Amino acid sequence: MAEQTFPTGTLMAGKRGLIMGVANKNSIAWAIAQQLAAQGAEMAFTYQGDKLLRRVKPLAESVGSDTLVDCDVTNDDQMEAAFKTIEDKWGKIDFLVHAIAFAGKDQLAGSFIEQTTREGFKSALDISAYSFVDAARRASNIMNDGGAMITLTYLGSERVIPNYNVMGVAKAALEASTRYIAADLGPRQIRVNAISAGPIKTLAAAGIGSGRHMFRFNKAASAMQDNTDPMGVAGAALYLLSDLGLSCTGETHHVDGGFHAIGMPQEGPLRESLGE
Ligand code: NAD
């Protein structure tokens, strides 16, 4: 993502939390982390394996974090150790950002019924949906009452998006899990929400077949006739993770230039392309 200045303030002052899912400077989790840092949050980061450490470490350091934990969400021992590290460091936390998803490239192109294998299905659901249930349980055990959690989802959960395939099924499971987790943690005033972001150029997005078409179509067909700005996603995350989000839980909030709201595009490039 291009260098951007995030609004500064004190909305997250005194709050500590864990960010899961930064791979590089283009990651949505990194936009969120920068926004939270600009509002005074203190953060720890998990990263997936040594290869990503050299990218994540300087980013974390730039927002004053010295706590980086290697954590593959499919590995129970690493999950256990990651949350133990956070507990040993801080005792309690106030927020969790879960921005993790994966499906094999072979699962993300072509026909859904032809391409989706048992193993591909299990792994996509495990990494992209169950990991939030697992992380939310572990985080809630060390969370102050009045905390907040978010995860990242996409419209492919609600509607068919070509090539998104099994990831759409995983995102549907993730959104349903968000509601169940919200119900479990609500009595402790811990709020749990999902942000449904429009397409953003990241490593994960590059794995989806016909990605370029997806960006062009989104730009042409969304209400705002533009692609999604990661700053908007970061702003929504700030709202949901700070006290501004009071009373909001179990929600899937779209930040996609209004793409989800459109049934048929108004006058504009898409209509013109049909010769109208
Ligand atoms: P990204 O590639 O920067 O981030 C994906 C992260 O998932 C990476 O940090 C990767 O290390 C992590 N990950 C994958 N498998 C893992 C595992 N087994 N253990 C631990 N970590 C693992 O891409 P992103 O687009 O920033 O993705 C973040 C979230 O946003 C994902 O849930 C994605 O589905 C969602 N999202 C992305 C878009 C988009 O267009 N980029 C749109 C809507 C939602």
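Trainee: Which helix gives the largest share of the shell around the ligand?
Mentor: Keep in mind that this is a predicted model. Strand 5 (143-153) and helix 7 (203-206) each bring at least two residues to the shell around the ligand. The largest share is three residues, and it comes from helix 7.

Trainee: How many residues surround the ligand, and how many of them are nonpolar?
Mentor: There are 27 residues around the ligand, with Ser27, Gln48, Lys171, Ile200 and Thr202 the closest. Sort that shell by type and you get two charged, six polar and 19 nonpolar.

Trainee: Where does the ligand sit, and how much of its area does the protein cover?
Mentor: The ligand is found in the largest pocket. On its own, the ligand has 820 Å² of accessible area, and the protein covers 93%.

Trainee: Moving on to charges, what is the N to O distance between Lys89 and Asp66?
Mentor: By the rule used here, there are 10 salt bridges. Lys89 and Asp66 make a salt bridge through their side chains, at 3.3 Å.

Trainee: How many residues apart are Lys89 and Asp66?
Mentor: Lys89 belongs to helix 3 (residues 76-90), while Asp66 is in the loop between helix 2 (50-62) and strand 3 (68-70). The pair links distant parts of the chain, and the separation is 23 residues.

Key
Residues are numbered from 1 along each chain as its sequence is written. This is a predicted model: local features need pLDDT of at least 70, side-chain atom pairs count only at pLDDT 80 or more; totals for chains, interfaces and linings use all residues. Side-chain values use heavy atoms; hydrogens and water are left out. A residue is near a molecule or strand if one of its heavy atoms lies within 4 Å of it. Accessible areas come from the Shrake-Rupley method with a 1.4 Å probe; for residues, only the protein chains shown count as cover. On a 1 Å grid over the protein atoms alone, a cavity is a set of points where a 1.4 Å probe fits but cannot get out, and a pocket is an open set with protein on both sides within 12 Å along at least five of seven lines; lining residues have an atom within 4 Å of a point. A molecule sits in a cavity or pocket if more than half of its atoms lie within 2 Å of its grid points. Helices (H or I, at least four residues) and strands (E, at least two) are DSSP runs, numbered from the N terminus. Ala, Val, Leu, Ile, Met, Phe, Trp, Tyr, Cys and Pro count as nonpolar, Asp, Glu, Lys and Arg as charged, and the others, Gly among them, as polar. A salt bridge is a side-chain nitrogen of Lys or Arg within 4 Å of a carboxyl oxygen of Asp or Glu.
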